[in-house]
Amino acid sequence: MIALVTTCFLIFYILVPGVLFRFLSSWFVPLKLFERTRTQEATFAVAVALLPFAAALFGVWNLPIMRHLPFPIVEGTYSERRQDYRRVATLLSSSDASRLLLASPSAASTSPSTSPLLSQSPGDANWRSLNRVLRRQGRFLAWYFTFVAIEGICFGLLAKRYGDWQSDPARHRVPLWFIRTFILPNISEWHLLLTSFNWPTKEKVDVSIDILQNDGLLYQGRVSDYFIGSDGKLTGILLENVNRFDREAFHEAQKARTPCTSDPSTSDPCSSDPEQPISSAIFWKPIPGSRFYIGQGSIANLNVRFVARDQTLISLAEKILDAEDANTYEVVVESEDEAANSQHPDIYS
Amino acid sequence: MVVDLKKLSDSLSRSSPEEDLRRDLQRIIRASKPQIEETLASGKSYVLRVPDGRRIRISRRIQPAEATN
C-alpha cells in the first residue's frame, strides 16, 4: 500500500507537473530534449514545480476561493484536520486496511465519547476522513496544475519575446537576464540555429541553409521545419525553395577554361576569358516541388544564414547600384516560380 | 550535443542579417557591374543571384517623363 501511495505521489506531484509544463511551453518554443536519467527528470520536475507548489499551498490555505473550490468540504478545526490525516496514515500503513474501513461500532473504544466525530463507528469515521483528505488533495492538485500550466505558458511567451527584447538590451535588462538565466538553457539549440528566434519579429528574418550531403551534393533552401528525436538530436530538415548545385557542370566549366594559346592565327585564342572567374550562380538548379526533406543521416555539413526580408534586399541593392547614378535602377525580387521556370537564370530579355 | 545557448545566442547576435546582405550585395554587384551595365545598355534586364538563393532582376528605371512619351 505504501508503495502504491508513493507511486501516486510521484506521478501527481512531480511527473504530471513536469509533463504539463513541457507540453504547454512547447506550444511556443521547443524545449531541449535529451534522454535524462530518472534523477535528472525528477530534478527538472521539482525545479519546475517549486513555484506553483508554493503558490498553490499558500492559496488553498489563505485565499477565500481557493480554500473552498473545487471539491468543497466543511473544513473542521486544525485538530480535526490532523486527525483526518492521522487516520488516513494509519489506513495506508496498515496491512489490512479493509478491516479498518469496515470496522463496526463494537470495535470502537468502550469509553463514552463526547465528540460527534468520535460517536460514529470507526469504519465510518475512517471513510469520512479518507473522503475529506482526498477532496483536500484534489483541490490542491487542481490549483497546483493550474499554476504549473500558467508557468509553462508564461515560460513560452517570455521565450518568444527574446528576439524582440534582445534588439534593445538596455531597455529590457531584467527580462533578458531572466530569460538568459532560466529559459535559454532549456531551449533546444536547433531552435536557435534553424528559426528566427534570436531576431526581432519586426525584422522578419528567414533562415537559409546550405546542406552538404555525404555524397557530395549541395542543396540550398529556406528552412520550413526541423525535427528532433527523443535524444535531442536533429533527425531531419524540411526545406522549401530548394536549389541543388550542379557540381559536375561547374567542374566541367572550370576545366573548359583552357589557357589562351599564343598562336596569332587562331581566331578565338581563349575558349573563355581566363581572367573572368566563373560565376557559380548559373549552376544552382531549382528543384521543383514545395517541400524537400533531408534526413540527418545524409547531412555532412550545414551552413546557416539568416536572411533579411525581400524589401530590405531591394532597397540595399538599389542603394548600392545607385551609388553614382541617382534613381537609375529598378530592382525586383524574382519569385521562386519564375526562377524555377527559367532555363537561363542569369540573363533575361 | 550540449551547447551553451547563451554563447550561441551572443555569437549569432554579433552578426546582422542586413549588414551581411549589404556586404554580399556590394561584393557581387561590384564584381558584375560591367556585365550589368552591358546587359542594361542592350535593353535587357539582368538577373543576379544573391548568396541566400534569391534572384533579383535589375532593370533601368523608366523615368516618368519617358513613360508618358
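Two residues are taken to be in contact if their C-beta atoms, placed from the backbone, lie within 7 Å. In the predicted model described here, contacts of chain A between residues at least 6 apart in sequence join, in 67% of cases, residues at least 24 apart. Chain A has 349 residues, of which 21% are buried, and its secondary structure consists of 13 helices and eight strands. For chain B, with 69 residues, the buried share is 23%; its secondary structure comprises three helices and two strands, arranged from the N terminus in the order α-α-β-β-α.

Within chain A, strand S1 (residues 206-213) is paired with two other strands. Its antiparallel pairing with S6(A) extends over eight bridges, and in this pairing Val207(A) is placed opposite Phe306(A) of S6(A). S1(A) is also joined to S2(A), again in the antiparallel sense, by five bridges, with Gly221(A) of S2(A) as the bridge partner of Ile209(A). S1(A) and S2(A) together form a hairpin in which four residues lie between the strands, and Gly216(A), located in the turn, adopts a positive phi of about 95°.

Chain B likewise contains a hairpin, formed by S1(B) and S2(B), with five residues between the strands, among them Gly53(B), which takes a positive phi near 105°. The two strands are antiparallel and are connected by four bridges, and Val47(B) faces Arg57(B) of S2(B) across this pairing. Strand S1(B), which spans residues 45-49, is mostly covered, four of its five residues being buried.

The contact between the two chains draws on 41 residues of chain A and 32 residues of chain B. On the side of chain A that touches chain B, at least two residues each are supplied by helix H10 (189-194), by strands S2 (218-228), S3 (234-245), S6 (299-307), S7 (329-333) and S8 (347-348), and by helix H12. The largest share, six residues, comes from H12(A). By class, the residues on this side of chain A comprise 23 nonpolar, eleven polar and seven charged.

S7(A) pairs with S2(B), residues 55-60 of chain B, in the antiparallel sense and over five bridges, and Tyr329(A) stands opposite Arg60(B) of S2(B).

The crossing of H12(A) past H2(B) is right-handed. On the side of H12(A), the residues that make the contact are Thr312(A), Leu313(A), Leu316(A), Ala317(A), Ile320(A) and Leu321(A), and they meet Glu18(B), Leu21(B), Arg22(B), Leu25(B), Gln26(B) and Ile29(B) of H2(B). Eight of the residues in this helix contact are nonpolar, two are polar and two are charged.

Key: Residues are numbered from 1 along each chain as its sequence is written. Chains are lettered from A and ligands numbered from 1 in the order in which they are written. This is a predicted model: local features need pLDDT of at least 70, side-chain atom pairs count only at pLDDT 80 or more; totals for chains, interfaces and linings use all residues. A crossing is left-handed if the near helix is turned anticlockwise from the far one by less than a right angle, and right-handed if clockwise. Ala, Val, Leu, Ile, Met, Phe, Trp, Tyr, Cys and Pro count as nonpolar, Asp, Glu, Lys and Arg as charged, and the others, Gly among them, as polar. Two strands pair if DSSP finds at least two bridges between them. A residue is buried if 20 or more other C-beta atoms lie within 10 Å of its own, exposed if 12 or fewer, and partly exposed in between; C-beta atoms are placed from the backbone.
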